[in-house]
Amino acid sequence: MSDNRVTVAKTYKLYVGGAFPRSESGRSYQVTDHKGGFLANAAQASRKDARDAVSAARKAFPGWSGATAYNRGQVLYRVAELMEGRREQFVAEVAGAEGVAIKRAQSIVDAAIDRWVWYAGWTDKIATVLGAANPVAGPYFCFTVPEPTGVVAVLAPQDSSLLGLVSVLAPVIATGSTCVVVSSQERPLPAITLSEVLATSDVPGGVVNMLTGRTTELAPWLASHADVNALDLTGSPDSLRADLERAASGTVKRVLRAGGDQDWARQPDIGRLRAYLEAKTVWHPMGV
Amino acid sequence: MAAPSTTSSAETTGTPASGPLPPALADAVRDDASLRRFLHGLPGVDQVGVEQRAAGLATRSIKKAAKLWAIDTAIGMVDLTTLEGADTEGKVRSLAAKARRPDPDRPDVPHVAAVCVYPDLVATAVAELVGTGVGVASVATAFPSGRSNRQVKLIDTDMAVQAGASEVDMVIDRGAFLSGRYGQVFEEIQAIKAACGDAHLKVILETGELATYDNVRRASWLALLAGGDFIKTSTGKVSPAATLPVTHVMLQAVHDWHESTGELRGVKPAGGIRTTKDAVRYLVAVNEVAGPQWLTPTLFRFGASSLLNDLLMQRRTQLEGHYSGPDYVTVD
C-alpha cells in the first residue's frame with residue numbers, strides 16, 4: 001500500500017433509539033484535537049433531535065426499568081467487555097481530545113472501564129442499601145423500595161470526555177432510568193465511540209441516546225421538556241445554570257446541581273445512583 | 001397525477017344536483033352486468049403517480065398559526081374510537097368525557113366529532129353525550145370481518161340505530177367484492193342504508209384486503225353509488241390500515257362524485273394515524289385532492305384513538321413554547 005493513501009475523514013452521526021441518524025437539521029461541525037488539528041466531523045443536533053431522543057428514551061423506559069436488576073447488571077458488564085475491546089481506540093481519542101500523554105490516556109480509559117464495572121455491580125445491590133423494611137405501629141408490613149425516576153437528560157462534563165462521561169452516564173442506566181446525553185461539545189469522539197459500543201452491546205435501543213452539538217442550544221429544550229423527569233447539570237456552562245433550573249421548574253423535574261470541575265478519577269459514592277431513584281413505600285396488611 | 005379525475009367523458013355531462021343520479025350513473029346501477037361494466041370501466045389508478053403525489057404533498061411544512069389551525073381542525077374531526085373485546089361501560093364513559101372536553105386544562109379545545117363504539121355500548125355513549133354536539137358512531141354488520149348473512153347484519157344495524165347511534169360504520173363483504181359479486185355488495189349497502197334511517201352511513205372498504213388501488217377505486221364508487229355518506233378506509237383490525245395513497249384515491253372518488261352529481265360525500269381514514277404530523281399530511285391531501293370544502297368534520301374524519309393525545313400534546317407545545325409529555329394528558 002502506498003504511503004500517500006487518502007485518509008478517510010469521518011462524519012459521525014447521532015445515536016438515537018438504537019440507530020445512528022443524521023441530525024434532522026443536516027448540520028455538522030468540525031471536531032479538533034487540543035492543538036486545533038482536524039479529527040472528524042460530528043453531527044450538530046437540533047432541538048428536534050433532542051425531542052426525538054426523548055421519545056426514544058421514553059419508549060425504552062418500560063422495558064429497561066422492568067428488566068430485573070440482575071439482568072441490567074449482566075448487560076452493563078457486557079458493555080465493559082466491549083469497551084475493553086475498543087481500548088486502543090478510546091486511548092487514541094482521549095489522548096487526542098484531552099491533550100494528555102498516551103500513558104495518562106491509558107490510565108483514564110482503564111479507570112473508565114473500571115468505573116463502568118463498579119456501577120454494573122451496583123444494579124442488584126442498590127435496593128438493599130436504599131430500600132428498607134420500616135417498623136410501623138400497626139399490623140402492617142411497610143416496605144420502601146427505590147424505583148427509577150424515568151427519562152434523565154444528562155449534560156456530560158465538558159473536559160473529561162470519557163471518564164467523566166461514564167461517571168455520569170452509568171449510574172443513570174444502572175438503576176433503570178433511560179437517558180438523553182448531550183456529550184462534551186468540543187470533545188465528543190469518545191462519547192461517539194461509546195455509543196457505537198452501546199449499539200453493539202445488549203443495551204436495548206433508546207436506553208442511551210447520545211447527542212453531539214452545542215450544549216447551550218440543546219440544554220434549554222431538554223430542561224423545559226415536560227417528558228423529561230430529571231436533569232443533570234454537570235456539563236452546563238455556569239452562565240446557563242440559573243436559566244436551566246428556571247426552565248426545569250416549570251415541569252416536575254429533578255435537577256442534579258453537580259459542578260463540571262470535579263476530580264473524576266476519585267472513587268465515587270452512591271450519590272449519583274441515589275439521585276435518579278424515587279422511594280416508593282408500600283403498606284401491606286399482615287396476615288391473621 | 002396533476003388532475004385527480006376519474007370521470008369518463010359520459011359522466012362529465014351530469015348536472016350538479018342532489019336529486020336523481022345523472023344518466024351515466026343511473027345506467028350503472030340498472031343491473032348487475034352494467035354495474036360491473038361501470039366499475040371495470042373506471043380508469044385505472046396510476047400507482048407510481050398516486051404514491052409520488054402523496055409523498056410529495058407530505059413534504060409540505062405546516063408551521064405556527066397554520067399548524068395550530070390544523071391541530072384544532074383535526075381534533076374536531078376525530079372519531080374517538082374504542083373497539084376492543086375488553087371494552088366496558090366505564091371505559092366508554094371515560095372516553096365520552098374525553099370527547100366532550102379533550103383537554104380539561106384548556107376549555108378552548110374543540111370537542112371531537114364523535115365517539116365510535118360497538119353496538120352494545122351505544123346506549124352508554126349516547127347517555128353521556130346527549131346534547132353535547134358529539135356524535136355517537138357504532139360499527140355494525142358483523143364488524144370487523146363482515147362475515148354473516150344479511151339478516152344478522154340488518155339486526156346489528158338496527159340495534160345500533162335503536163340505541164341512538166347517529167352514525168353507523170358498516171363493513172363491506174370483501175369476499176363478495178373480491179370474487180366479483182358487486183351486485184351483492186351494492187344491495188347490501190343499500191339495505192343497510194335503508195335500515196340506518198336518519199343515521200349517517202360510513203362504508204368501510206377495508207383497503208388493506210383489497211390489494212390494489214384499482215379495487216379501492218371500484219369499491220369507493222360502489223359505496224358511493226349505493227348511498228354511503230362516507231367511505232372509510234379500514235376497520236383498524238387489518239394491516240396495512242389507512243395510508244396516504246389509498247386516501248388519495250378515495251378523495252378523488254368523492255371529488256369526482258361531487259363533480260358529476262353535486263352531492264358531497266365524506267372520507268374517513270382510520271387506523272394507523274397516530275401523530276399530529278400524519279394528521280396534518282392528511283389535511284393537506286384533503287385540501288389538495290378533494291378541495292377546501294372537505295375540511296370540515298361533516299366531510300372528513302379521522303378514525304383514531306391515540307392520535308388525540310398527540311394532537312393535544314402538540315397543541316400544548318405550540319402554545320407553551322416547550323415540549324409536552326404524556327404525563328400531562330389523560331391516559332386512554
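In chain A, strand 4 (residues 140-148) and strand 10 run antiparallel and are joined by nine bridges, where a strand is a DSSP run of E with at least two residues, a helix is a run of H or I with at least four residues, and both are numbered from the N terminus. Two strands are said to pair if DSSP finds at least two bridges between them. This is a predicted model, in which local features need pLDDT of at least 70 and side-chain atom pairs count only at pLDDT 80 or more, while totals for chains, interfaces and linings use all residues. Residues are numbered from 1 along each chain as its sequence is written, and chains are lettered from A and ligands numbered from 1 in the order in which they are written.

**The sheet in chain A**

- Three strands of chain A form an open sheet in the order 3-4-10, and the pairing is antiparallel.
- Strand 3 (132-133) and strand 10 (277-285) of chain A stand at the edges with a single partner strand each, so one side of each has no neighbour in the sheet.
- Within this sheet, Val145(A) stands opposite Lys280(A), which belongs to strand 10 of chain A.

**The contact between the chains**

- Chain A gives six residues to the contact and chain B gives seven residues, where two residues are in contact if their C-beta atoms, placed from the backbone, lie within 7 Å.
- The side of chain A that touches chain B has two nonpolar, two polar and two charged residues, with Ala, Val, Leu, Ile, Met, Phe, Trp, Tyr, Cys and Pro counted as nonpolar, Asp, Glu, Lys and Arg as charged, and the others, Gly among them, as polar.

**Backbone features in chain B**

- Most residues other than glycine have a negative phi, and most peptide bonds are trans.
- The peptide bond from Phe143(B) to Pro144(B) is cis, with omega near 0°, and Pro144(B) is placed in the loop between strand 3 (135-140) and helix 7 (150-162) of chain B.
- A cis peptide bond, with omega near 0°, also leads from Ser239(B) to Pro240(B), and Pro240(B) lies in the loop between strand 6 (230-232) and helix 11 (244-261) of chain B.
- Lys64(B), a residue other than glycine, has a positive phi near 50° and lies in helix 4 (residues 64-77) of chain B.
- Glu206(B), which is not a glycine, has a positive phi of about 50° and is found in the loop between strand 5 (200-204) and helix 10 (213-226) of chain B.

- Lys64(B) is exposed, because 8 other C-beta atoms lie within 10 Å, whereas Glu206(B) counts as buried, because it has 24 C-beta neighbours inside 10 Å.
- A residue is buried if 20 or more other C-beta atoms, placed from the backbone, lie within 10 Å of its own, exposed if 12 or fewer do, and partly exposed in between.
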